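Please look through the structure shown here, and then follow the questions and answers on how some of its parts are arranged.

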Amino acid sequence: MNKELIEALDQIEKEKNISKATLLEAIENSLLTACKNHFGKADNVKVNINPVTGDFGVVAEKEVVEEVEDPVLQISLTEARMKNPKYDVGDIVLIPIESRSFGRIATQNAKNVILQKIREEERNMQFNEWYQKEKDVVTGIVQRYLGRNVSINLGRVDAILNEVEQVKNEVFKPTERIKVYVLEVKDTPKGPRISVSRTHPDLVKRLFEEEVTEVKDGTVEIRAIAREAGSRTKIAVWSNDPNVDPVGACVGMNGARVNSIVNELRGEKIDIITWDENPAFLIENALSPAKVICVVADEEAREAQVIVPDYQLSLAIGKEGQNARLAARLTGYKIDIKSETQAREMGLFEEMGIDYQEEGVYDDLHADFGLGSPDDYQEEYQEAGYPAEGYQEAGYPAEGYQEEGYLAAGYQMEVYAGEADQEAGYPAEGYQAEGDPGVYEETEESRPGGYESDDYMEQGNEE
């Protein structure tokens with residue numbers, strides 16, 4: 001029993017993760033190579049190795065002939081019968097070959113065959129291992145800069161982070177641990193060549209799969225993602241369980257989950273929205289945090305017209321158009337954003353079939369946005385005691401009314417309205433509220449029982 005051979009095979013299998021059967025096959029090939037170098041050919045040589053004991057034998061198959069023409073392949077009948085009298089012409093005789101009889105060159109060649117086989121199997125094993133990790137996220141250690149590229153150590157292999165796959169202004173330090181997205185794995189004679197990325201959109205997706213359990217088990221799906229690496233990312237999520245909030249699951253308690261991903265991406269902002277099969281609702285969600293008045297989407301042309309309030313236009317477009325650009329990538333629609341004023345001037349409301357009112361109320365959108373009609377507001381005013389025309393007991397005129405107790409021109413209170421003010425000593429014009437220090441300043445000329453408007457100065461109310 002060859003214990004040394006078995007122990008050596010077990011150690012190589014453990015260290016290199018190469019199966020013992022592959023190593024035994026390499027030894028067989030090496031012995032065949034040695035025989036070929038020693039005898040000139042090895043077509044008739046057979047190698048037998050016992051995988052349990054490690055014992056091996058090398059034999060040459062020779063044909064019995066009357067007259068030998070090739071001593072490597074043939075044996076004479078006389079010589080064959082010396083080994084066994086039963087042999088006859090045409091039989092095959094197994095002739096043992098002593099491996100010790102091989103020369104130095106043959107032995108060295110056999111050794112090289114074994115080492116070459118081990119290296120090939122190691123490369124194949126590494127390639128198969130990393131090929132399965134393609135399109136996945138791995139953790140590596142920064143080694144050094146190779147020009148503008150970065151070498152990342154992934155264990156037994158190194159990866160290259162090319163300049164185009166690096167986030168702008170992102171600087172790495174040696175021995176720093178970072179997570180990268182495996183772009184491509186190529187098989188080369190020197191081993192697998194692995195290309196990684198820090199800018200790929202799927203990097204964010206894989207990080208959410210690692211961090212959010214609901215995403216990993218399929219309860220929450222990431223339907224779409226749009227990213228501008230280093231700046232902002234928008235992702236649209238959908239829940240297969242009605243009891244699970246997809247956005248809340250991704251954000252986590254007090255933002256713990258999403259903050260962990262933001263820290264890994266070094267402060268990159270992440271917007272998480274709810275996916276909707278209705279393209280209009282999806283586009284409205286994608287433009288968040290901006291508020292939208294209405295969206296008209298053309299599914300065939302993949303175009304959408306969006307109207308936002310005037311004060312929300314810059315927020316909807318975003319800095320350098322980033323918010324609108326990411327929303328377009330996320331939804332797959334070409335989005336045209338107009339402000340409320342622009343839409344009115346261009347007649348977009350008429351084209352969309354929306355009845356636009358001058359006061360900014362859209363009759364056709366009451367149900368969608370919860371807006372009341374002007375008549376509804378008029379009825380509310382009357383019920384509250386604010387008449388539409390003329391003075392009543394409350395003393396509030398229809399025109400210029402701002403807040404309770406104030407008129408646009410000449411503030412009054414319901415107690416001091418019209419001629420009643422003169423009797424109480426309060427003029428109709430200029431009065432706001434007695435004793436209001438933030439509006440009028442009392443002067444020395446003020447008299448008890450009555451205050452002239454000229455005796456006071458207006459300090460801060462520009463109503």
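Q: At what angle do helix H9 and helix H11 pack?
A: In this predicted model, helix H9 covers residues 279-286 and helix H11 covers residues 322-331. Their axes lie 9 Å apart, and the crossing of the two helices is right-handed. The angle at which H9 and H11 pack is about 145 degrees.

Q: How many residues of the contact of H9 with H11 are nonpolar, polar and charged?
A: On the side of H9 the contact is made by Leu282, Ile283 and Ala286, while H11 contributes Asn323, Ala327, Leu330 and Thr331. Divided by class, the residues of this contact are five nonpolar, two polar and no charged.

Q: How many charged residues does the contact of H5 with H8 have?
A: H5 passes H8 in a right-handed crossing, and the contact is made by Leu207, Phe208 and Glu211 of H5 together with Arg257, Val258, Ser260, Ile261 and Glu264 of H8. By class, this contact has four nonpolar residues and one polar residue, and its charged residues number three.

Q: Over the ring of which residue does the charged end of Lys133 sit?
A: The charged end of Lys133 is placed 4.5 Å from the centre of a ring that it sits over. That ring belongs to Trp130.

Definitions and conventions:
Residues are numbered from 1 along each chain as its sequence is written. This is a predicted model: local features need pLDDT of at least 70, side-chain atom pairs count only at pLDDT 80 or more; totals for chains, interfaces and linings use all residues. Side-chain values use heavy atoms; hydrogens and water are left out. A crossing is left-handed if the near helix is turned anticlockwise from the far one by less than a right angle, and right-handed if clockwise. Helices (H or I, at least four residues) and strands (E, at least two) are DSSP runs, numbered from the N terminus. Contact means heavy atoms within 4.5 Å. Ala, Val, Leu, Ile, Met, Phe, Trp, Tyr, Cys and Pro count as nonpolar, Asp, Glu, Lys and Arg as charged, and the others, Gly among them, as polar. A charge sits over a ring if NZ of Lys or CZ of Arg is within 6 Å of the ring centre and within 35 degrees of the ring normal. Axes are lines fitted to C-alpha atoms, for helices over the stretch in contact, and angles run from 0 to 180 degrees between N-to-C directions.
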